Amino acid sequence: MTKIGLEIHCQLTKLESKLFCSCKADYREFEPNTNICPICMGIPGSLPLLNKIAVEKATLIAMALDCSTPDKIAFFRKNYFYPDLPKNFQITQLNAYGNTSIGWEGKILVGAVKIRIRRIQLEEDPGRLIYEGATEKTKLTLVDYNRAGTPLVEIVTEPDFETPHQVREFLNILSDLLENLNVSDPGLEGAMRADANVSIEGGSKVEIKNIGSFHDLEKAVHFEITRQQSLVERKIEIIQETRHWDDGRKITVSARTKEEEAEYRYHLEADIPWVRINDTTKNQLQTHMPESISSKKERYVSKYGITSQVADILSSDKYFSELFEKANNETNAKDIANMITTDIMGLLDTREKREMSKLEGDHISDLVEYIKSNKITRASAKLALDEVIKNGKQLSEIIEDLDLGHVSDETTLSDIITEILDEETKAVEDAKQNPDIVNFLVGKVMQKTRGKADPELTLSLLKKHLGIN
Ligand SMILES: [Zn+2]
C-alpha cells in the first residue's frame, strides 16, 4: 500500500513585516541583502519581537482547517547549520510541552477522501541560496538574506494520500483556501512549497524536497513510487533518506540521509515568552473569518440559481468571485457568472493580465444588460470586453468610440442585405435549394456589419428577400 504525506510551507505574504522584526515580509522587490536588520540576521544581542498579526493569521488558517487551537503557544530553536540560516538555528514550534503549536488534528476533504492535518506551526523562513548554473556543478553560490525571517506556516499532513493525483488536488484546494482567507498569495514565486514523504508496502519513508511547483510535486511523487516499486521487485532494501527532485532530468536523486529529530537539539526559545491566545481573540477571528469556498458555492447556487459546476469554478477563485460580488448581480446573476467563467477567465488567465486589467464588476453587469436589451450583439460584446480590460472606460463610451452599437434598424439592414445578395449571386441561387446556405449569407451580413447586426432580424429579413420560409 502506498502512503504519502506532505509538509507544506506557506508564506504569510499578506503581512506587512517579518515574524520577529519590522523588515518587510514581501522581500521580492528588494535588491539582495537590503531587507535585513540585526534581528533577522541573528546578530548577538538582538532580540526578536513576535508579530501579533502573524499569530492571528496562522490561527485563522488552523481554524479554517478544522484544527484544535491552543490557549498558549511556545517557540523553539531548531539548531542546525546551513548557509542561508545566519543564526544557525531556526525559530519554529514543537509540541514538546503539550500542544503549543498553532493548531493540530485538522482535516481537508479531497472529494470523499479525508486528509488529516497532523500539525500546523508558525516559523521563520530562511534566506535563499542562489547557485550559478546547476546545483551540483556550481562553482559559486550566493546568499540573499532578504527572505530570512519571513513568516511561514508549516502544515503537516498524516500519510493519508494514496495517489499523486490526490496530492495535486489537495494542494489546489489548500492553495484556494489560503488565498480565500486573505493570508497568502500562493501564486507568488516561492510562496507555497511542499515536501513529500513516500513509502510503499510498509517500507522506509523517503522524503522528497526541493520541489518548485504542484505539477512537479505530482511528477516527483509518481517517480518515487515507481522507483520504490522497482526496488521491491528486485528485492533491494529501500533506505530512509532525503531525495531532491532534479527538474532537468525529471527524477529524484539521493541528497543525504535524513537527520533524526534529536539531532536538531530543539530547545525552548527563551527570548520569546509563551503567548496566550484567549477565547475573545479566537471568537473575534472566527467572527471575521471570510466566507468559506464551500458556503460561497452553496450561496451562488441557492441565491442566484447558478449551476453547481459554474458556482464551483467561480467560488474557488478569489479574484473572479470578488469580481462577481462587485458586479450589480441583483438581476442577470446567472449571465454574469457565465460571462466571467467563459469569456473573462480566458482573457485574464495570468496574474500579470489580472494586475493590468481595468475591468470592474459594474462593467460586466452593464455588458450583460446591454446584450439582453439588444443594444449590443455577443460578437460586439467581446470586442467591448477587450477594450474595457485595456482602458476601464464606461461601456456606453466604448460602444460609441468603437461604433459597436447594435444594427437592428430594418431599413439599414435591408440595404446591407440587398448589397450582399447582389454580390453573392451563386449563393442566392443555391439557397433556394439548400436552406443551409442562408446561414452563410447571415455570416456575410455579420462580416459587413462587424458583428453588429441583430442575428434574428437578419435571418428573417434574408428569408424575406430570398422568398423562402
Ligand atoms: Zn529584520
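Which residues coordinate the zinc ion? In this model, which is a predicted one, the zinc ion is held by the SG atoms of Cys21, Cys23, Cys37 and Cys40, at 2.3 to 2.4 Å. The angles among its 4 donor atoms run from 104 to 113°, and the site is tetrahedral.

In soluble globular proteins, nonpolar side chains tend to be buried together. In this structure the largest nonpolar core has 59 residues, and the members that touch the most others are Ile61, Leu65, Ile120, Leu122 and Phe170. Helix H1 gives the most to this core, with 7 residues. Apart from that core lies another, of 33 residues, and among them are Ile336, Ile340, Ile364 and Ile399.

Leaving aside neighbours within four places in sequence, Ile120 is in contact with a list of residues including Ile61, Leu65, Ser101, Val153 and Ile155. Ile117 is found in strand E6 (residues 113-124), and it is buried, with a relative accessible area of 2%. For a sense of distance, Ile117 and Arg450 are 333 residues apart in sequence and, C-alpha to C-alpha, 56 Å apart in space.

Now for two helices. An α-helix has 3.6 residues a turn, so residues three or four places apart point the same way. In helix H6 (residues 308-315), the buried residues are Val310, Ala311, Leu314 and Ser315. Because they cover an arc of only 120° around the axis, they sit on the same side of H6. The elements covering these buried residues include helix H5 (293-304), helix H7 (318-326) and helix H8 (333-347).

Helix H16 (residues 455-466) has 12 residues and reaches 16 Å from its first C-alpha to its last, close to the 16 Å expected at 1.5 Å a residue. Which of its residues are buried? In H16 they are Thr458, Leu461, Leu462 and Leu466, and since their arc around the axis is only 130°, they too lie on the same side of H16. The face turned away from that buried side carries the exposed residues Glu456 and Lys464, while what covers the buried residues of H16 includes helix H13 (410-423), helix H14 (425-433) and helix H15 (436-448). After H16 comes Gly467, whose phi is positive, near 70°.

I will finish with the backbone. Most residues other than glycine have a negative phi. Asn88, although not a glycine, has a positive phi of about 70°, and its place is in the loop between strand E3 (76-79) and strand E4 (89-92). Lys250 is likewise not a glycine and has a positive phi of about 55°, in the loop between strand E12 (241-246) and strand E13 (251-256). Asn88 is partly exposed, with a relative accessible area of 37%, and Lys250, at 35% relative accessibility, also counts as partly exposed.

Conventions
Residues are numbered from 1 along each chain as its sequence is written. This is a predicted model: local features need pLDDT of at least 70, side-chain atom pairs count only at pLDDT 80 or more; totals for chains, interfaces and linings use all residues. Side-chain values use heavy atoms; hydrogens and water are left out. Donors are N, O and S atoms within 2.8 Å of the metal (3.2 Å for Na, K and Ca); water is not among the atoms, so sites may look incomplete. Four donors count as tetrahedral if all angles lie between 85 and 135 degrees; four count as square planar and six as octahedral if opposite donors are over 155 degrees apart and all others between 65 and 115; anything else is irregular. A nonpolar core is a set of buried Ala, Val, Leu, Ile, Met, Phe, Trp, Tyr and Cys residues joined through side-chain atoms within 4.5 Å. Buried means under 20% relative accessible area, exposed over 50%, partly exposed in between (1.4 Å probe, protein chains only). Helices (H or I, at least four residues) and strands (E, at least two) are DSSP runs, numbered from the N terminus. Contact means heavy atoms within 4.5 Å. The arc is that of the directions from the helix axis to the C-beta atoms. The expected span of a helix is 1.5 Å times one less than its number of residues.
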